[in-house]
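Dear colleague,

Please find below the structure that I am handing over to you. My notes on it follow directly after.

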Amino acid sequence: MHLAELESGKRGVVTGVTQGEAFCQLCSLGLNAGAEVELVRFLSSRTLLIVRVDGADVALRRETAATVKIRIETHG
Amino acid sequence: MSTATLSPATQDRTRSAPSFRTIGLVGPPNVGKTTLFNRLTGMRQKVSNYSGVTVEHRSGRLKSGQTVIDLPGIWSLTPESDDQKIAVQVLHGKQPGVGMLDALLLVVDGTQLQRYMGLIAEVLECSLPTLLLINMADELAARNGFIDPLAMARELGTPTALISAARGTGMDAVDNFLAGRQAAAQILPVLQAGGNAAPTCRVDCGDLTRAGAYRRPTHSRFTRAFDRWALHPVAGPVLCILFIAAAFQIMFRAAYPAGTALSNWLSAVGTSLSAHLPATVLRAIVVDGIWNGIASILGFLPTILCMFGVITLLEDSGYMARAAVIADRTMGRVGLNGRSFLPLLSAYACAVPAIMATRAIASKRDRLATILIAPFMTCSARLPVYALLIAAFIPARKLLGDVLGLQAVTMMLLYLVGLLAALFTAKLLNSKVLEGRAALFAIELPNYRLPRLRTVLLAVVDRSKVFLKQVGTVILVLNLIVWFLSHMPFHNGHVGDVGSSYLARVGGWIEPALRPLGLNKVVGISLLTAFVARESVVSTLATLYGSVNTGAALRAEIGLAGALALLVFFALAMQCTATLAVVRRETNSWKWPLLQFGYMTALAYVASFLTYRIVLALHA
């Protein structure tokens, strides 16, 4: 599954980011493999989402978030 | 692994070790690298471009004579973009025109340390003497985070120091390292191999922060609480508009009048000084050609400083990222993204630094689109023209009591015309010209903090320098050329009359093209000079009409319809050589600036023609 499929308030762990234009920028925002992410909330009718990664908040578009593959934390 | 022992022998050796000549400043983007660079080099900086690419080459000299190169921000040594490629090449000593580096200052953000461990390991593998600087130490401590630099230095095998580039703490560690001294042994462990030896990192980077007892800072509670409002579907956009409206209020009420006063005062000084010079061609060149050019350029400075001041305040406080999120929705509709918000807002001051600010847009396609629409934003050079024409043609009638006048509304409409043209063009580019889908938008929402005066001032000075250098020099040189064209041929060593100059002849040629817009030859001549730099239209009109009141003369000759057509033309036409030059540089081809010029001129002409016809029909 990918980041945009996460429910509000739920956590996951990044398993990888699709190579492409967004790759570099997402890495720079801490969204690289192994990072723990929490979906804080959706904005503008779910086209934007705010996630918490490494204790910092990041806003991203749904399409951009879809390139971030995640798995759900079992104890989460 | 190295240990932090300090033996007399190594102390002597490090003290006599030659200091480094060229030092590279490496690190990811937005970790305070440039703040540190500014602090180290002050005003002794040189900014140029690396050969063949649009990547900025910033180098500066320390007081000690050493050279510091501020490399473009990198995330890893496997480069993804042009500027990262350059950074890696410089790091490996393979970039033509740049010498080998003797040492590195590696800067990372202490509040996000775990993100940078991969980069730190890669940079240390380059085997150059490296000082690791954990920046934003003040913020790390303030937000209850912790790192033990000594433990980290032991793990990494390279000196490590906590600094705050913004506040200037921990700078003695940098000075000691650069001078080849290892004085502060409690922070910089002297390695057994000698103080300036290559680092020897052999540990797994994931473990490093554990060894350094790193504790991540907590996100501030205020930030989360305020973001509920700043990103609220209704309150968010309202707040954003309020901030921008406040910025424009300051600009119109304080900065623009101040600029006009400054420019007038400088012209007056020029006139009174010229009384002491003999009346020759040389005096005319110096006073009218050069001095008045400088006066008009400096006249924009208060407006530009004000706009950049507000933008930098919003940036440094952390709000700009929220504004980008708020704007993303609107921007998305025309195929842009929230990252374009800051450059487009800057374009209200001047398109040149705005176009340079588009480098922060990761998506190439969105960046190009932003570059192409930025000149539609009403820059400060359009203001004098608007002010002159509005004062001459629009009656000072009140609309809503004392709140709003007809003149102010006209001004707002002109801003709106520019904005709508920009949105229309973005939409057009999105559907027809540019390939690929607009989908990339991701931005960090940093903690809010009180803007720091030093950071804001330095950033404003930096952007204003861009304006003075890029725009100022172009305007000055072209101003001189136009001055010559409008005063030649000379008669018996005296300057000729503008009406019979070379420029007037060209004005005569283009007059037929202007007649459908209700404009005459005089306006045509001033439009020609405006293609160099918009604001020169005012001075040219004044010169052409001589002692007659320009407003009154225009009123008599072109009428309301012609004036409105002229305003619309000004709002839309690409009349700025400096912008064309910077677009050519940033896109690395002539294709885009030429296309932009042709498109904007055509759009301006058509819109202007329609305005003229409609106003005539309504007014008749």
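**Findings**

Leaving aside its neighbours within four places in sequence, B:Glu139 is in contact with B:Thr111 and B:Arg449. Please note that this is a predicted model. B:Glu139 belongs to helix H5 of chain B, which covers residues 137–142. Its relative accessibility is 18%, and B:Glu139 therefore counts as buried, the cut-off being under 20%. The C-alpha atom of B:Glu139 lies 10.0 Å from that of B:Asn447, although 308 residues separate the two along the chain.

**Chain A**

Chain A has 76 residues, and 59% of them are buried. Its secondary structure consists of two helices and five strands, arranged along the sequence as β-α-β-β-β-α-β. If one takes the contacts in chain A between residues at least 6 apart in sequence, 58% of them join residues at least 24 apart.

Within this chain, A:Arg52 and A:Asp57 form a salt bridge, with 2.8 Å between the closest N and O atoms. A:Arg52 counts as buried because its relative accessibility is 17%. A:Asp57 is buried as well, at 5% relative accessibility.

**The interface between the chains**

On the side of chain B, 32 residues are in contact with 28 residues of chain A. The area buried between the two chains is about 2,700 Å², and carbon and sulfur atoms give 50% of it.

Strand E4 of chain A (residues 56–61) pairs with strand E8 of chain B in the antiparallel sense, over four bridges. In this pairing, A:Val58 stands opposite B:Glu444.

Side chains of opposite charge can pair when their charged atoms come close. Across the interface, the rule finds one salt bridge. The partners are A:Arg61 and B:Asp328, whose closest N and O atoms are 2.8 Å apart. The side chains of A:Arg61 and B:Asp328 are also joined by a polar contact of 2.8 Å. A:Arg61 lies in strand E4 of chain A and is buried, with a relative accessible area of 6%.

**Salt bridges elsewhere**

Over all chains, the structure holds 17 salt bridges. One of the salt bridges in chain B joins the side chains of B:Arg322 and B:Asp227, at 2.8 Å from N to O. B:Arg322 and B:Asp227 are both buried.

B:Glu511 and B:Arg515 form another salt bridge, their closest N and O atoms being 3.2 Å apart. Is B:Arg515 buried or exposed? Its relative accessibility is 53%, so B:Arg515 counts as exposed. Finally, a network of salt bridges links B:Lys33, B:Arg58, B:Asp70 and B:Asp462.

Yours sincerely

Conventions: Residues numbered from 1 in each chain as written. Chains lettered and ligands numbered in written order. Predicted model: local features only at pLDDT ≥ 70, side-chain atom pairs only at ≥ 80, totals over all residues. Heavy atoms only, no water. Contact = heavy atoms within 4.5 Å. Buried area = accessible area lost by both parts, 1.4 Å probe. Salt bridge = Lys/Arg side-chain N within 4 Å of Asp/Glu carboxyl O. Pairing = 2+ DSSP bridges. Buried < 20%, exposed > 50% of the residue type's maximum accessible area, 1.4 Å probe, protein only. Polar contact = N/O pair within 3.5 Å; in protein donor to acceptor, adjacent residues only side chain to side chain.
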